[in-house]
Amino acid sequence: MTTRARQAPPTTTDPAERARALALAILDRAPRSSEDLRQRLIAKDVAPEIADALIERYKDVGLLDDTALAALIARTRHAERGLAPRAIAMELRRKGFSAGDIEAALEPLTADTQVETARQLAEARWRRTAGLENEARVRRVVGHLGRKGYSPSLAFALVQDLMRADREAGHI
């Protein structure tokens, strides 16, 4: 297994060249929103006007695409972690995405998609807590969904469905 050694950005006296090297090093580690990249460059003593010009250039040539990155993050957070749009929106805001990019990224997550994901999460947690008292199971499932960003009303409705299914199956 080979690993790629990280190289420090070259030292140069030209501030624009230094900013470019820093930006490429930052983007080489992970994709970033324009605002996140801007803040990181400024934290490394790059003048704001140089950072802004560089970011505009990177947008023009396609190295930065906030809309596409926000959509990618939203899809993966929902699909892989089961996060609700509310939790995804909070993360995207923390990462510096604009309200428009966040709205566009969350648009594909329809109410039906959200309910189905929440149902799958609830069923999985309900099964894993099968040996516990129902009160503890309810708390765990509702808490789990709440941490994922789902509303308490949806969480309790899903738990009631699970309890009803258990009663009908003779498990309770």
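1. Arginine 119 has 28% relative accessibility and therefore counts as partly exposed (buried means under 20% relative accessible area, exposed over 50%, partly exposed in between, with a 1.4 Å probe and protein chains only). Glutamate 116, at 37%, is also partly exposed. Salt bridges with shared partners join Glu116, Arg119, Asp161 and Arg164 into one network (a salt bridge is a side-chain nitrogen of Lys or Arg within 4 Å of a carboxyl oxygen of Asp or Glu).

2. This is a predicted model, in which local features need pLDDT of at least 70 and side-chain atom pairs count only at pLDDT 80 or more, while totals for chains, interfaces and linings use all residues. Residues are numbered from 1 along each chain as its sequence is written, and side-chain values use heavy atoms, without hydrogens and water.

3. Glutamate 116 and arginine 119 form a salt bridge, with their closest N and O atoms 4.0 Å apart. The two are 3 residues apart in helix H7 (residues 111–128), so about one helical turn separates them (helices are DSSP runs of H or I, at least four residues, numbered from the N terminus).

4. Lysine 59 forms a salt bridge with glutamate 56, the closest N and O atoms being 3.6 Å apart. This pair lies in helix H3 (residues 48–61), 3 residues and therefore about one helical turn apart. Lysine 59 is partly exposed at 37% relative accessibility, and glutamate 56 is partly exposed at 43%.

5. Aspartate 36 forms a salt bridge with arginine 32, with the closest N and O atoms 3.5 Å apart. Aspartate 36 is buried, at a relative accessible area of 17%. The count of salt bridges comes to 12.
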